[in-house]
Amino acid sequence: MIKIYFQRFRQNHLAMAGLLIVGFLTVLALVSPWVSPKDPSLQDLTARLQGPSPSHWMGTDDLGRDVFSRLLLGTRISLSVGFVAVGISMSVGTFLGLWAGFFGGKWDTLLMRLVDVMLSIPTLFLILAVLAFLGPNIYNVMAIIGLTSWPGLARLVRGECLSVREREYVQAAKMAGVSTARLLFIHILPNVVAPILVSATLGVGGAILTESALSFLGLGVQPPTPSWGNILSIGRDYLHIAWWLSLFPTLAILVTVLAFNLLGEGLRDVLDPRT
Amino acid sequence: MLSIEKLNVEYYRGGKTISAVRDFSLAINAGESVGLVGESGSGKSTVALSILRLIRPQEGHIVSGKIQFQGQDLLSLPPENMRDIRCRKIAMIFQDPFTSLNPVMRIREQMDEVLKAHPSLSASPSRLVEALEQVQLESTRVLNSYPHQLSGGQRQRVMIAIALLGQPSLILADEPTTALDVLVQKEILGVLFSLQKKLGLAMLFITHNLGLVTTYTHRIAVMKEGRLVEEGPSQAVFRQPSEAYTRQLLEAIPRLGRSTG
């Protein structure tokens with residue numbers, strides 16, 4: 001079965017491209033502190049706002065720091081925010097979705113109404129308010145993005161769980177004397193993992209985008225730690241004289257989010273050909 | 001060994017309740033095989049699910065009645081003790097072997113679930129091999145397979161092996177051959193009933209095919225619309241059905257060289 005999925009995936013060129021880019025970015029994020037050509041926080045006030053050149057591939061910013069090195073380190077920040085935030089939302093969403101779907105009744109009603117409420121709140125404003133209250137730092141950003149993006153997944157998992165719950169093999173497992181916890185996590189969860197995987201992959205792109213927006217607004221990752229969003233935010237002030245300061249972080253965000261979306265949609269095509 | 005007294009079961013359908021089993025009573029002795037016959041929707045499967053308390057709480061519930069098994073009242077047993085009964089004392093074989101095995105688990109893992117659920121069973125791997133050999137399957141290949149790699153007949157044998165793993169004394173077979181083609185049906189029935197005799201198991205064999213059960217079972221109970229309409233020794237019921245409904249069921253069996261006009 002895995003083999004069939006793998007073959008189908010390889011035939012999907014866009015998804016393969018997404019996977020390659022995501023893989024490349026992940027490796028880059030892991031090794032960035034050791035491969036960056038310059039110290040990303042080294043200021044050189046004699047070389048402020050210089051355009052791309054052989055010594056500074058993507059130019060320098062308003063404090064003379066090397067933009068390429070800062071982008072590299074930003075990859076690490078952005079991807080870790082993406083992965084951790086999605087990790088949080090996936091755990092919460094999967095657990096609550098399984099719970100609501102399996103036990104039904106008042107749990108289902110309670111949790112799904114909570115989901116409705118969460119989905120009707122404009123998330124970005126909620127995040128802004130919470131960050132203004134708790135103070136902006138990278139851990140708060142990860143936590144708050146994760147804790148606001150689970151409702152969609154919870155609803156998805158609940159729906160899948162409702163249908164899997166009715167399958168005869170679940171009843172057969174119950175007949176075998178399997179405990180409720182095992183029933184949920186060993187027998188039902190693996191059968192709903194496909195939509196979770198797809199949604200998580202797409203979610204990483206979304207989380208990176210949110211983090212960039214927050215950093216751009218000054219409520220995300222704080223300088224001097226570089227993130228794509230805060231580099232872009234500096235770039236805005238110098239848009240008319242230093243285009244490279246805006247272009248490269250924008251491209252980085254674009255390529256990364258696109259790669260995760262291609263990968264996510266490819267996974268969906270592979271795991272669930274009906275849609 | 002098992003006695004069901006005045007069992008009443010209801011299902012919920014769109015805000016209303018529908019009575020699926022009404023005042024149903026039946027007893028099964030140790031080592032005895034009983035055929036439970038009736039058309040679709042007559043409540044036969046519901047009886048089996050009630051015995052193991054497997055009716056999904058969202059779908060329906062047991063309204064009243066008593067199910068005594070080896071001196072225990074199954075309906076008042078706490079859930080924890082009920083788990084000790086399942087598969088260990090009473091096991092069930094489901095209708096459709098294409099849906100009753102988990103598609104993402106290897107057969108070995110699914111069989112292991114029974115041993116893990118019941119600490120009183122020895123967990124040695126040879127148990128799995130023995131269980132599969134009992135149903136005449138080649139154990140090494142089957143253990144490492146996923147359900148989709150096996151045929152319908154092989155899957156149903158696996159289900160029988162799983163049911164026998166807990167060394168139960170009563171087997172509930174819910175139309176175990178309905179989803180299979182005729183030749184495989186005969187094989188499965190052969191395997192099932194020879195094991196029943198060999199191991200001295202009691203069996204409740206549910207089917208809509210009256211002709212099928214008479215050759216294999218000691219007694220037959222006929223159900224219609226949730227009620228027991230006739231019960232007696234297989235041969236007697238088959239030769240001289242006292243109920244009009246049973247006669248109808250008998251006449252519904254297609255035979256070669258006879259028009260059913």
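Which residue of S5(B) is the bridge partner of Phe69(B)? In this predicted model, the partner is Gln72(B). Gln72(B) belongs to strand S5 of chain B, which spans residues 72–73. S5(B) pairs with strand S4 (residues 60–69) of chain B. That pairing is antiparallel and runs over two bridges. In general, strands of a sheet pair through backbone hydrogen bonds, in a parallel or an antiparallel sense.

The sheet in chain B is open and holds four strands. Their order is S2-S1-S4-S5, with antiparallel pairing. Strand S2 (16–28) and S5 of chain B are the edge strands, each pairing on one side only. Gln72(B) is partly exposed, because its relative accessible area of 32% falls between the limits of 20% and 50%. Beyond residues up to four places away in sequence, Gln72(B) touches Ile67(B), Leu77(B) and Ile85(B). Ile253(B) is 181 residues from Gln72(B) along the chain. The C-alpha atoms of these two residues are separated by 39 Å.

The other edge strand, S2 of chain B, contains Asp23(B). The phi of Asp23(B) is positive, near 45°, in a residue other than glycine. Asp23(B) counts as partly exposed, at 40% relative accessibility. A positive phi also occurs at Gln136(B), near 60°. Gln136(B) sits in the loop between helix H4 (126–134) and helix H5 (139–143) of chain B. With a relative accessible area of 57%, Gln136(B) is exposed, because the value is over 50%.

Helix H1 of chain B covers residues 44–51. Seven of its eight residues are buried, so the helix is largely enclosed by the rest of the structure. The buried residues are Lys44(B), Thr46(B), Val47(B), Ala48(B), Leu49(B), Ser50(B) and Ile51(B). Arg53(B) follows H1(B) and has a positive phi, near 50°.

The two chains form an interface. Here 28 residues of chain B are in contact with 21 residues of chain A. The area buried between the chains is about 2,200 Å². Carbon and sulfur atoms give 54% of that area. Arg56(B), Gln58(B) and Glu113(B) supply 25% of the area that chain B buries against chain A, more than any other three residues.

Polar interactions also cross the interface. Twelve residue pairs are in polar contact between chain B and chain A, with both residues at pLDDT 80 or more. Strand S6 (90–93) and helix H3 (107–117) of chain B are the elements that give two or more residues to the side of chain B that touches chain A. H3(B) gives the most, with four residues. By class, that side of chain B has 14 nonpolar, seven polar and seven charged residues.

Two salt bridges are counted between chain B and chain A. In one of them, the side chains of Arg56(B) and Glu166(A) meet at 3.8 Å, N to O. The distance qualifies because the limit for a salt bridge is 4 Å.

Over all chains, the whole structure holds 15 salt bridges. Within chain A, the side chains of Asp61(A) and Arg65(A) meet in a salt bridge at 3.0 Å, N to O. Asp61(A) and Arg65(A) are both buried. Another salt bridge joins Arg158(A) and Asp108(A), with the closest N and O atoms 2.5 Å apart. This pair links distant parts of the chain: Arg158(A) is in helix H7 (residues 151–165) and Asp108(A) in helix H4 (residues 105–120) of chain A, 50 residues apart. Asp108(A) is buried, with a relative accessible area of 13%.

Within chain B, Arg157(B) forms a salt bridge with Glu187(B), the closest N and O atoms being 2.7 Å apart. Arg157(B) lies in helix H6 (residues 152–165) and Glu187(B) in helix H7 (residues 182–199) of chain B, so the pair ties together parts that are 30 residues apart in sequence. Arg157(B) is buried at 9% relative accessible area, whereas Glu187(B) is partly exposed at 41%. Salt bridges that share partners join Arg165(A), Glu166(A), Arg56(B) and Glu59(B) into one network.

One cis peptide bond in chain A runs from Pro223(A) to Pro224(A), with omega near 10°. Pro224(A) lies in the loop between helix H10 (193–216) and helix H11 (228–237) of chain A.

Methods:
Residues are numbered from 1 along each chain as its sequence is written. Chains are lettered from A and ligands numbered from 1 in the order in which they are written. This is a predicted model: local features need pLDDT of at least 70, side-chain atom pairs count only at pLDDT 80 or more; totals for chains, interfaces and linings use all residues. Side-chain values use heavy atoms; hydrogens and water are left out. Contact means heavy atoms within 4.5 Å. Buried area is the accessible area (1.4 Å probe) that two parts lose on being put together, summed over both. A polar contact is a pair of N or O atoms within 3.5 Å; within protein, one must be able to donate a hydrogen and the other to accept it, and residues adjacent in sequence count only if both atoms are side-chain atoms. Ala, Val, Leu, Ile, Met, Phe, Trp, Tyr, Cys and Pro count as nonpolar, Asp, Glu, Lys and Arg as charged, and the others, Gly among them, as polar. Buried means under 20% relative accessible area, exposed over 50%, partly exposed in between (1.4 Å probe, protein chains only). Two strands pair if DSSP finds at least two bridges between them.
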